[in-house]
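Hi,

Here is the structure I promised to pass on. Have a look at it first, and my notes on it follow below.

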Amino acid sequence: MERVTLEDVKEARGIIEDAILKTDLLENVRLSEKTGAQVFYKCENLQRTGSFKIRGACNKIAHLTDEEKACGVIASSAGNHAQGVALGAKNAGIKATICMPANAPISKVAATKSYGAEVVLHGTVYDDAYAKAVEIQAQTGATFLHPFDDKYVIAGQGTIGLEIYEQLDGNVDTVLVPIGGGGIIAGIATALKELNPNIKVIGVQTCNIPSMKKSYENGKITSAFNDITIADGIAVKTPGSLTFDIISKLVDDVITVTEEEIAEAILFMMENQKLVSEGAGAVSTAALLSEKYKPLAGERVVCVVSGGNVDINTLYRIMSVALKRQGRRISIVAELPDVPGALATLVSIIAKKGGNVLTINQDKLATGKYIKKQTVEVTIETVDFDQINAMKSAFVENGIKVEFL
């Protein structure tokens with residue numbers, strides 16, 4: 001099996017430095033105060049194409065032979081590798097075809113097309129798109145660019161580790177890194193562990209697709225898929241063999257976070273750092289907020305924000321989930337008598353308790369058990385769970401039957 005070294009990562013930096021940005025490393029003061037550590041964000045969401053993937057894609061393309069370039073390139077991607085390959089291929093004057101899951105965010109599909117690539121949509125997760133890309137590659141003879149299980153791709157992603165180390169003058173204790181197929185964490189771990197083997201590198205996955213977590217625990221590559229995820233950038237059912245080999249040797253731990261914790265992390269980053277992150281980029285923050293990883297006092301922790309390419313409609317839904325989990329938005333279904341003033345009473349209670357009605361839907365034409373009754377669906381903006389509980393008590397006192405959704 002190919003070996004990736006610190007020298008490979010340093011070579012990659014020299015090759016891609018004109019194509020990428022050296023992204024900011026910013027302290028999140030709120031998260032530092034909350035954890036007692038000193039927490040920084042490595043902002044790859046501000047990278048060209050909106051994610052770290054351009055690093056590995058450009059390094060790989062630079063190592064293609066003239067013959068391979070002449071055949072054009074094909075890649076499979078959940079969305080971010082797609083954009084990196086598309087832009088890298090455009091800059092190199094190479095034809096690019098990208099296979100993506102059919103449910104990939106519209107913004108990622110549109111961005112990939114904008115760089116001149118042909119996009120083929122297939123399946124529901126990365127693995128489905130990969131199978132389609134292999135099929136097309138066999139038919140066309142195009143050069144396949146793997147999104148993570150490739151020496152040059154891993155080395156390109158490893159340049160993030162070099163930047164983190166230099167930006168903190170080597171004074172870093174722990175780096176939390178998203179894991180899908182494992183390319184970014186394999187590269188970062190390769191760089192950091194050779195620079196200082198005492199630096200902890202910890203991977204974070206979604207509970208819905210914990211493939212690397214299972215592989216890490218089992219000591220062998222293990223496929224895993226429980227459900228779809230808002231972290232589409234790390235929706236990989238089967239890790240790579242090269243990445244798994246590196247991760248099993250160099251990574252200190254792999255932890256998982258829930259979909260709801262990821263949603264809360266996205267909201268937290270927007271409100272407290274003014275950063276927009278996609279689901280995959282927020283898992284490292286989710287690990288700290290959920291206390292799945294508890295740093296020591298004074299520990300210098302870097303959260304890698306791997307990307308910011310989130311579809312705006314998806315972001316709206318994510319915000320709704322996060323706000324409900326924090327007691328800042330609730331939805332109710334109230335059963336009221338079909339008499340004048342009943343709705344006014346309900347709304348009055350909400351207003352007196354400080355709630356702000358966002359939407360309201362009244363149904364007075366229901367049949368069956370709702371004869372002589374009406375149902376009202378209300379979405380309410382609230383401050384916290386104390387306010388919600390006060391509202392619940394007021395409904396009970398006024399004899400209003402309410403279901404909280």
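Thr35 sits in helix α2, residues 29-35; helices here are DSSP runs of H or I with at least four residues, strands are runs of E with at least two, and both are numbered from the N terminus. The side chain of Thr35 has a polar atom 2.8 Å from the backbone oxygen of Leu31, and a polar atom of that side chain also lies 3.2 Å from the backbone nitrogen of Ala37. Once neighbours within four places in sequence are set aside, Thr35 is in contact (heavy atoms within 4.5 Å) with Leu288 and Pro295.

Before going on, some housekeeping: this is a predicted model, with local features needing pLDDT of at least 70 and side-chain atom pairs counting only at pLDDT 80 or more, while totals for chains, interfaces and linings use all residues. Residues are numbered from 1 along each chain as its sequence is written, and side-chain values use heavy atoms, with hydrogens and water left out.

Next, two loop residues. Gly181 lies in the loop between β7 (174-178) and α9 (183-195). Gly181 counts as buried because its relative accessibility is 6% (buried is under 20% relative accessible area, exposed over 50%, partly exposed in between, with a 1.4 Å probe and protein chains only). Not counting residues up to four places away in sequence, Gly181 touches Phe148, Met212, Val236, Pro239, Gly240 and Thr243. Asp127 is 54 residues from Gly181 in sequence, and the two are 10.0 Å apart in space, C-alpha to C-alpha.

Asn309 is in the loop between β10 (300-305) and α14 (312-325), and at 14% relative accessibility Asn309 is buried. Its side chain makes a polar contact of 2.8 Å with the side chain of Asn80. For a polar contact, a pair of N or O atoms must be within 3.5 Å; within protein, one has to be able to donate a hydrogen and the other to accept it, and residues adjacent in sequence count only if both atoms are side-chain atoms. The Asn309 side chain also reaches the backbone oxygen of Gly50 at 3.5 Å. Leaving out residues up to four places away in sequence, the residues that Asn309 touches include Thr49, Ser51, Gln83 and Glu278.

Now the helix pairs. The axes of α9 and α11 (residues 241-250) come within 9 Å and cross at roughly 45°. Axes are lines fitted to C-alpha atoms, for helices over the stretch in contact, and angles run from 0 to 180 degrees between N-to-C directions. In α9, Gly183, Ile185, Ala186, Ala189, Thr190 and Lys193 meet Thr243, Ile246, Ile247 and Leu250 in α11. By class, that contact of α9 with α11 has six nonpolar, three polar and one charged residues (Ala, Val, Leu, Ile, Met, Phe, Trp, Tyr, Cys and Pro count as nonpolar, Asp, Glu, Lys and Arg as charged, and the others, Gly among them, as polar).

In the other pair, α15 (residues 342-352) and α16 (residues 385-397) pack at an angle of about 145°, with their axes 9 Å apart. Here Leu346, Ile349 and Ile350 in α15 meet Met391, Ala394 and Phe395 in α16. That contact of α15 with α16 divides into six nonpolar, no polar and no charged residues.

Finally, some backbone angles. Asp169, in the loop between α8 (151-167) and β7, has a positive phi of about 50° although it is not a glycine. Asp169 is exposed, with a relative accessible area of 73%. Lys274, in the loop between α12 (259-273) and α13 (279-289), has a phi near 55°, a positive value in a residue other than glycine. Lys274 is exposed too, at 66% relative accessible area.

Cheers
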